[in-house]
Amino acid sequence: MIEAPDARGIPAIGFAALCGGRKPLVLAPHPDDEALGCGTLLAQAFAGPGAHVVCMTDGAASHPGSASHPPAALAACRAAELDAAIEALGGGPGDITRLGLPDAGMGALGGRYDAIADDIAALVTRMAARILIAPAATDPHCDHVATAEIARRAARRAGVRLLSYPIWSRWAVPDFRDRLGAAVEYRLDPAGMGARKARAIAAHASQHGELIQDAPEGFVLPAEFVAMFLETDEIFFDCDAA
């Protein structure tokens, strides 16, 4: 079921109020999470102080068994799609960092979380970012949970504010807000950026069932899931502000 934009009576705020008008650094577990969960925010950031996106995984596990797109080819395809999505939002190749971690495999990298967090904290400093944005820890996907934990550690190291955005928990976990605890919720005013966000989401063609036809077990974004992110405001949570 698609959640109404104002279902909770929370007023929408602009980018300047949410991020203090400063450059954010967004962590995306996979190519497409940045457009779905943060497309509006990124479009507004690129129209202002700028932004940077860290794609955590290579996205190579979405279509197992494909002969036309084996893992290396699929990773290259998804990298190109991410480039196109960021361009649609107003950014460019220099606004992306790819860590190339194994898709659907981040949960097994616990011993590396501190080192990855150190690298992200260093990037925060290098990019002069003032806010870190990562998926919510309530998302039921190992890569999202891992990214949320790494972000928590990186934000502490860098001394920056951390916001969380829900992807799969907004769709599949009705009580995800309760699971986040006393987090402060924000709705982002779309501010006319809907068309840019729609183009960015569409740029991830491999995830819409439009490109790879030889992987029966391949992943396809549900149409109603995509509609939820297109038709409702982006929401962010500050778990430290309560």
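Tutor: Let us begin with a term that we shall need: contact means that heavy atoms lie within 4.5 Å. Please keep in mind that this is a predicted model.

Student: With that term in hand, against which elements do the buried residues of helix 8 pack?

Tutor: The buried residues of helix 8, which spans residues 194-202, are Lys-197, Ala-200 and Ile-201. Seen down the axis of helix 8, these buried residues fall within an arc of 95°, so they line one face of the helix. They pack against helix 2 (33-46), helix 3 (71-88), helix 9 (223-231) and strand 8 (234-238).

Student: How do helix 3 and helix 8 lie relative to each other, and at what angle do they pack?

Tutor: In general, two packed helices are described by the angle between their axes and the distance between the axes. Here helix 3 and helix 8 pack at an angle of about 175°, with their axes 8 Å apart. Angles over 145 degrees count as roughly antiparallel, and helix 3 and helix 8 are therefore roughly antiparallel to each other. On the side of helix 3 the contact is made by Ala-85, Glu-87 and Ala-88, while helix 8 contributes Arg-196, Arg-199 and Ala-200. Sorted by class, the residues of this contact are three nonpolar, no polar and three charged.

Student: At what angle do helix 4 and helix 5 pack, and what is the handedness of their crossing?

Tutor: Helix 4 (residues 113-126) and helix 5 (residues 142-158) pack at an angle of about 55°, with their axes 8 Å apart, and they are therefore oblique to each other. The crossing of these two helices is right-handed. By class, the contact of helix 4 with helix 5 has 10 nonpolar, no polar and five charged residues. Among the residues that meet there are Ile-116, Ile-120 and Val-124 in helix 4, and Ile-150, Arg-153 and Ala-158 in helix 5.

Student: Is Val-124 buried or exposed, and which residues is Val-124 in contact with, leaving aside its neighbours within four places in sequence?

Tutor: Buried means under 20% relative accessible area, so Val-124, at 2% relative accessibility, counts as buried. With those neighbours in sequence left aside, Val-124 is in contact with Leu-25, Ala-129, Leu-132, Ala-158 and Val-160.

Student: Where is Gly-20 found, and is Gly-20 buried or exposed?

Tutor: Gly-20 sits in the loop between helix 1 (15-19) and strand 2 (24-28), and it is exposed, with a relative accessible area of 52%. Although Gly-20 and Arg-130 are 110 residues apart along the chain, their C-alpha atoms are separated by 8.6 Å.

Methods
Residues numbered from 1 in each chain as written. Predicted model: local features only at pLDDT ≥ 70, side-chain atom pairs only at ≥ 80, totals over all residues. Heavy atoms only, no water. Axes fitted to C-alpha atoms, helices over the stretch in contact; angles between N-to-C directions. Helix = DSSP H or I, 4+ residues; strand = E, 2+ residues; numbered from the N terminus. Parallel < 35°, antiparallel > 145°, perpendicular 65-115°, else oblique. Left-handed = near helix turned anticlockwise from the far one by under 90°. Nonpolar A, V, L, I, M, F, W, Y, C, P; charged D, E, K, R; others polar. Buried < 20%, exposed > 50% of the residue type's maximum accessible area, 1.4 Å probe, protein only. Arc of directions from axis to C-beta.
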